[in-house]
Amino acid sequence: MRPIALAIHGGCGVMAKLDLSEDEWMAARADLARSLQAGWAVLTGGGSALDAVEAAVVVMEDSPHFNAGHGAALNAAGEHELDAAIMDGSTLAAGAVAAARRIRNPVKAARAVLESGEAVMLAGGAADAFARESGLAVVDPSYFTTERRLEALARMKARAAAGTTRLASEAEKHGTVGAVACDGAGRLAAATSTGGYTNKPVGRVGDSPIIGAGTYARDGICAVSGTGKGEYFIRHAVGHEVASRMAYLGESLTAAAAKVIHEDLAPYGIGAGLVAVAADGSVTAPYNTDGMFRGWVTAEGRFHVASHAEVFEVTEEFARP
């Protein structure tokens, strides 16, 4: 059995420490730990990396603390349009949904698209209809709305009216969730889900559902899930770029990911981050903002979660069987 590995992120649009109470920070970290637990249980049970990343992302989509599923950002019309993707590194099969409005867990719909084999991406009403026909849970759009997202939309609209949008914090603007994994057979997978950025144009689709940009996996190389201003991730094909630097330049996972986040994207002054896992089970989680919700499991089965610089070890361990 090869080394298994799992890493997750809950977006680099992390609020300043004083913006939430300690109880709220603890609740967010607890949901990161639950996400790790869900994915790790799959891997330690002999399951696939693809199943593991889906399970991990579903937990974060169901949490109000992250910008995906319940808790997703609102667009300029005050509506939710959800994007998600999943990719199997062993076959390069992928599935995605974009601008969906009613799918409770968009990552599950992305997985269903992958398994259908008829398309890589479905968008808008067609994505919602496909999810319903596939037996997945669909909900009233109000399910996704939280008070914090309504407040964020009001602030961003006020900034837009005052011409101060560029002064908005990363937390006000965007967020994403994602997971990457390597299973016992050496297979890699990645999944990403998001509500996009606050006050985004109606119909805007970001990098999360774009294979090779915000989501990418390739066996023998790495799996990547990104978070940040999607337009730049698309232009730089971030996920594929990290894999290409490893495959063609011989760079390590850490070096390749750091180069893309801290050098390629730095000139644009955007908040960006990613989590990635290599074929040898190594993981990395670079970001250029004040913080990024993130978590990983060590080879010894120790769980770690973080939002800012401080890293917390989860007290309850889920050791290998």
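Select R29 to begin: with a relative accessibility of 11%, R29 counts as buried, a term that means under 20% relative accessible area, whereas exposed means over 50% and partly exposed in between (1.4 Å probe, protein chains only). This is a predicted model, in which local features need pLDDT of at least 70 and side-chain atom pairs count only at pLDDT 80 or more, while totals for chains, interfaces and linings use all residues. Residues are numbered from 1 along each chain as its sequence is written, and side-chain values use heavy atoms, with hydrogens and water left out.

**Salt bridges**

E22 and R29 form a salt bridge, their closest N and O atoms lying 2.7 Å apart; the term denotes a side-chain nitrogen of Lys or Arg within 4 Å of a carboxyl oxygen of Asp or Glu. E22 is partly exposed, at 46% relative accessibility. By this rule the count comes to 15 salt bridges.

Proceed to R187 and D183, another such pair, with the closest N and O atoms 2.8 Å apart. Here D183 is buried, at a relative accessible area of 0%, and R187 is partly exposed, at 33% relative accessibility.

Then select R204 and E231, whose side chains meet in a salt bridge of 2.8 Å, N to O. This pair links distant parts of the chain, 27 residues apart: R204 lies in the loop between strand 6 and strand 7 (215-218), and E231 in helix 7 (residues 230-235). Helices (H or I, at least four residues) and strands (E, at least two) are DSSP runs, numbered from the N terminus. R204 is buried, with a relative accessible area of 12%, and E231 is partly exposed, with 21%. For a network, select D51, E54, R111 and E115, which are joined by salt bridges that share partners.

**Helix 3**

Select residues 106-116. Why is helix 3 described as largely enclosed by the rest of the structure? The reason is that 8 of its 11 residues are buried. These are P106, V107, A109, A110, R111, A112, V113 and L114. Display their surroundings: the buried residues of helix 3 pack against helix 2 (49-61), strand 2 (82-88), strand 3 (93-100), strand 4 (121-123), helix 4 (124-133) and strand 6 (188-194). Just after helix 3, G117 takes a positive phi of about 70°.

Most residues other than glycine have a negative phi. Select A99, in strand 3, which has a positive phi of about 55° although it is not a glycine. A99 is buried, with a relative accessible area of 10%. Move on to N199, in the loop between strand 6 and strand 7, where phi is positive and near 70°. N199 also counts as buried, at 18% relative accessibility.

**Helices 8 and 9**

Finally, select residues 238-249 and 253-264. Helix 8 and helix 9 pack at an angle of about 135°, with their axes 8 Å apart; axes are lines fitted to C-alpha atoms, for helices over the stretch in contact, and angles run from 0 to 180 degrees between N-to-C directions. Helix 8 is therefore oblique to helix 9, given that angles under 35 degrees count as roughly parallel, over 145 as roughly antiparallel, 65 to 115 as roughly perpendicular and the rest as oblique. The contact (heavy atoms within 4.5 Å) is made by V238, E241, V242, R245 and M246 of helix 8 and by L253, A256, A257, K259, V260 and D264 of helix 9.
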